[in-house]
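Student: I have a model open and I'd like to learn how to read its features. Can you take me through it, a few residues at a time, before we get to cores and pockets?

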Amino acid sequence: MSPDVRSDDRPDASADHVVRSIRADEWPAAKELRLAALRDPVAHLAFLETYEAAVGRPDSFWRERAAGAAEGVRERQQVVAVAPDGRWVGSVVVLVEEAGAQGALGDVSDVRQGHLVAVYVRPEVRGRGLTERLFAYALEWAWEVAGVERVRLFVDERNGRAEAFYRKFGFVPTGESVPVPGDPGARELEFVFKRP
């Protein structure tokens, strides 16, 4: 989860980028961006998948993954930031978790909620407002299309930069945490943003 915390000396790049849901036929771009994210220096703290595992997946996996999170799908949505040249430079995915059902990290929620995962912005455009725009679009989709009561996310306790961004954006820690898969000595901290 590589947030782009804005600094005062970097221009706002978000105005010339389009933020939107993906289409099912855009799986090659979704695959390329995911593989780039998994090569990020903090990928081991941000993602529950390795580059080595992802790069070996067949194209059918990437087609299915994109189709399952494309515009028109109500259970999940992948939102991307697209540069003027058409290159995808950032992404976030919203998963819808039903009340009483097991969530993405194995817990059970008592409310219908969105769950933000796979947050990534390319290093060369971080700090320019794109993560804020991705999150705003994702939350609007969660409220208006999915009709959830709240949106949550988890952040590795060792990923201070991501945690700082989530707090700045308005996510609030719940005090709940789960073990990091594969590293039971570390914790993923839960943050929520309640529907206005």
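Student: Where is Gly 90 placed, and is Gly 90 buried or exposed?

Tutor: Keep in mind that this is a predicted model. Gly 90 sits in strand β3, and with a relative accessible area of 0% it is buried. Leaving out residues up to four places away in sequence, Gly 90 touches Leu 33, Val 79, Val 80, Ala 81, Tyr 120, Val 121 and Leu 134. Arg 161, 71 residues away along the chain, has its C-alpha 17 Å from that of Gly 90.

Student: And where is Gly 100 found?

Tutor: Gly 100 is in the loop between β3 and β4. Gly 100 counts as exposed because its relative accessibility is 55%, and the cut-off for exposed is over 50%. Beyond its sequence neighbours up to four places away, Gly 100 touches Val 108 and Ser 109. Asp 110 is 10 residues from Gly 100 in sequence, with 5.6 Å between their C-alpha atoms.

Student: How do I read a core?

Tutor: Start with the general idea: in soluble globular proteins, nonpolar side chains tend to be buried together. Here, the largest nonpolar core has 31 residues, and those with the most contacts inside it are Val 92, Leu 116, Phe 135, Val 151, Tyr 166 and Phe 171. At least two residues of this core come from each of β2, β3, β4, α5 (130-146), β5 (150-156), α6 (160-169) and β7 (183-194). The largest share is that of α5, with nine residues. There is also a second, separate core of 19 residues, including Leu 33, Leu 38, Trp 62 and Val 82.

Student: What does Val 92 touch?

Tutor: Not counting residues up to four places away in sequence, the partners of Val 92 include Leu 116, Val 117, Ala 118, Leu 134 and Phe 135. Pro 184, by contrast, is 26 Å from Val 92, C-alpha to C-alpha, and 92 residues apart from it in sequence. Pro 184 belongs to strand β7 and counts as exposed at 69% relative accessibility.

Student: Which residues of α6 are buried?

Tutor: Ala 162, Glu 163, Phe 165 and Tyr 166 are the buried residues of α6. Seen down the axis of α6, they fall within an arc of 160°, so they line one face of the helix. Their cover includes β4, α5, β5 and β7. After α6 comes Gly 170, with a positive phi near 125°.

Student: Which residue has a positive phi although it is not a glycine?

Tutor: That's Ala 118, with a phi of about 55°. Ala 118 lies in strand β4 and counts as buried at 17% relative accessibility.

Student: Now, how do I read a pocket?

Tutor: Rolling a probe the size of a water molecule over the atoms shows where empty space is left. In this model, the largest pocket holds about 630 Å³ of space. Its lining has 29 residues, and Arg 34, Phe 47, Arg 65, Val 117 and Ala 118 lie nearest the centre.

Student: Which elements supply the lining of the largest pocket, and what is its make-up by class?

Tutor: α1 (27-38), α4 (59-67), β2 (76-82), β3 (88-97) and β4 (113-121) supply at least two residues each. By class, the lining has 19 nonpolar, seven charged and three polar residues.

Conventions
Residues are numbered from 1 along each chain as its sequence is written. This is a predicted model: local features need pLDDT of at least 70, side-chain atom pairs count only at pLDDT 80 or more; totals for chains, interfaces and linings use all residues. Side-chain values use heavy atoms; hydrogens and water are left out. On a 1 Å grid over the protein atoms alone, a cavity is a set of points where a 1.4 Å probe fits but cannot get out, and a pocket is an open set with protein on both sides within 12 Å along at least five of seven lines; lining residues have an atom within 4 Å of a point. Grid points are joined across faces, edges and corners, and a volume is the space filled by probe spheres set on the points. Helices (H or I, at least four residues) and strands (E, at least two) are DSSP runs, numbered from the N terminus. Ala, Val, Leu, Ile, Met, Phe, Trp, Tyr, Cys and Pro count as nonpolar, Asp, Glu, Lys and Arg as charged, and the others, Gly among them, as polar. A nonpolar core is a set of buried Ala, Val, Leu, Ile, Met, Phe, Trp, Tyr and Cys residues joined through side-chain atoms within 4.5 Å. Buried means under 20% relative accessible area, exposed over 50%, partly exposed in between (1.4 Å probe, protein chains only). Contact means heavy atoms within 4.5 Å. The arc is that of the directions from the helix axis to the C-beta atoms.
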